[in-house]
Amino acid sequence: MSEPTDNPVRLRHVLSQLPDYVPGKPAAAPAGVTAYKLSSNENPYGPLPSVLSAIEQGATTVNRYPDMAVTALTERLSTALDVPPECLAFGTGSVAVLAQIVAAACDEGDEVVFAWRSFEAYPIVTQLAGAKPVMVGLDEQQRHRLDAMAAAVNDRTRVVLVCTPNNPTGPCVHTSELTRFLDRVPDDVIVVVDEAYVEFVRDPDAVKGLELWREHPNVVVLRTFSKAYGLAGLRVGYAVAHPPVAAALRKTATPFGVSSIAQVAAIASLDAFAELNDRVESLVAERDRVTQALDDQGWKLPASDANFVFFPLGTESADFARACEEAGIMVRRYGDDGVRVTIGETEGNSRLLEVAESFGAR
Ligand SMILES: *Cc1c(COP(=O)(O)O)cnc(C)c1O
């Protein structure tokens with residue numbers, strides 16, 4: 001192979017401007033210390049026996065293409081959510097569905113408005129589609145400023161992304177805020193409510209995406225099986241959208257993207273909802289234990305309705321991330337904005353509390 005610099009192939013200029021997606025670091029720890037991977041908001045619990053057996057069963061037909069129409073999962077989810085089947089569209093994770101939305105809505109130079117910091121895939125999918133990201137800073141409590149976001153909408157805006165709870169900072173958007181926002185934004189602009197962590201939400205004022213979707217033809221709800229359902233490795237997510245939008249998302253999907261194994265595992269997970277929900281309840285209880293303990297230590301952190309906590313440490317972020325990693329906890333640092341730590345196994349969470357205590361509350 002010759003040196004990459006000798007290669008004359010022409011690639012799109014935009015690629016040189018895109019940050020690489022930073023995956024959570026794999027678990028690694030000093031000798032004799034158990035490592036915990038708390039860097040990717042994954043579910044610490046392995047697959048349920050019933051889900052594992054669906055996966056094994058699904059594996060016997062991998063010589064065939066999957067059902068491109070995702071028929072059985074569509075029917076199962078349609079019943080579970082009380083949403084017509086034609087309003088569901090699937091993709092290889094909700095990140096892929098997000099890219100399908102932007103590809104379906106944006107021509108070159110159109111604008112996508114979202115809060116910042118928020119999910120790091122947002123600027124990447126926007127720029128890959130040739131669209132322009134318009135990023136509106138969070139407030140001091142690390143929450144969306146929806147009035148400022150409404151003011152940023154103009155006649156080039158095609159999509160607004162609302163992440164609730166916000167990854168990586170934690171707070172959810174309230175129904176009153178998003179209702180007022182939807183009243184202000186033209187109804188030909190798609191408003192995506194990204195509910196990747198919806199199962200962990202306990203704030204009674206939190207947005208309920210499906211209710212707003214029923215009332216607004218321009219609302220799209222994004223959900224995933226990666227977080228609460230513990231299927232991050234299988235790549236399956238979906239949108240709830242009104243029929244013309246859902247049809248556009250099917251057109252912009254990778255053909256046969258969602259594997260047959262992912263489809264059957266998602267169905268088995270919906271069937272095992274009660275068991276999975278017990279795990280979600282345990283994780284929520286762990287989140288509450290961690291946030292209460294950090295509060296008692298004197299930390300002033302943003303509220304979290306998700307399966308992670310955020311330490312907005314500014315220029316001390318690198319020191320805190322290093323302290324965590326020396327203690328065997330892999331965390332996700334966002335430059336000089338802060339450090340996000342996933343709620344995982346009880347021992348890992350307790351280890352975080354020890355590190356936070358000796359670092360000293362901010
Ligand atoms: C994790 C996450 C997703 C979805 O991830 P997939 O694994 O692609 O389904 C979407 N949005 C946000 C905000 C997330 O944190």
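Student: How many nonpolar, polar and charged residues are in the shell around the ligand?

Tutor: This is a predicted model in which local features need pLDDT of at least 70 and side-chain atom pairs count only at pLDDT 80 or more, while totals for chains, interfaces and linings use all residues. Residues are numbered from 1 along each chain as its sequence is written, and side-chain values use heavy atoms, with hydrogens and water left out. Ala, Val, Leu, Ile, Met, Phe, Trp, Tyr, Cys and Pro count as nonpolar, Asp, Glu, Lys and Arg as charged, and the others, Gly among them, as polar. By these classes the shell has 5 nonpolar, 5 polar and 3 charged residues.

Student: Which residues around the ligand are the closest?

Tutor: A residue is counted here if one of its heavy atoms lies within 4 Å of the molecule. The ligand is surrounded by 13 residues, and the closest are Ser94, Tyr197, Thr224, Ser226 and Lys227.

Student: What percentage of the ligand's exposed area does the protein bury?

Tutor: Polar contacts (pairs of N or O atoms within 3.5 Å; within protein, one must be able to donate a hydrogen and the other to accept it, and residues adjacent in sequence count only if both atoms are side-chain atoms) give the setting. Oxygen atoms of the ligand lie 2.6 Å from a backbone N or O atom of serine 94, 2.6 Å from a side-chain N or O atom of serine 226 and 2.7 Å from a side-chain N or O atom of arginine 235. With accessible areas from the Shrake-Rupley method and a 1.4 Å probe, where for residues only the protein chains shown count as cover, the ligand taken alone exposes 390 Å². The part buried by the protein is 93%.

Student: What is the strand order of the open sheet of 7 strands, and what is its average twist?

Tutor: Strands (E, at least two residues) and helices (H or I, at least four) are DSSP runs numbered from the N terminus, and two strands pair if DSSP finds at least two bridges between them. The pairing in this sheet is mixed and the order is S2-S8-S7-S6-S5-S3-S4, with S2 (88-91) and S4 (132-137) as edge strands that each pair on one side only. Using axes fitted to C-alpha atoms (for helices over the stretch in contact) and angles from 0 to 180 degrees between N-to-C directions, the twist from one strand to the next averages 25°.

Student: Which residue in S8 stands opposite arginine 223?

Tutor: Strand S7 (residues 219-224) and strand S8 (residues 237-240) run antiparallel and are joined by 4 bridges. The residue opposite arginine 223 in S8 is tyrosine 238.

Student: In S12, which residue is the bridge partner of phenylalanine 310?

Tutor: An open sheet of 3 strands has antiparallel pairing and the order S9-S12-S11. S9 pairs with strand S12 (residues 338-342) over 4 bridges. The partner of phenylalanine 310 in S12 is arginine 340.

Student: How many residues apart are arginine 184 and aspartate 147, whose side chains meet in a salt bridge?

Tutor: A salt bridge places a side-chain nitrogen of Lys or Arg within 4 Å of a carboxyl oxygen of Asp or Glu, and the structure holds 18 of them. For arginine 184 and aspartate 147 the N to O distance is 3.5 Å. The pair links helix H6 (residues 175-184) with helix H5 (residues 146-151), and its members are 37 residues apart.

Student: What is the omega of the cis peptide bond that joins threonine 164 and proline 165?

Tutor: Proline 165 lies in the loop between strand S5 (157-163) and H6. The cis bond from threonine 164 to proline 165 has an omega of about -10°.
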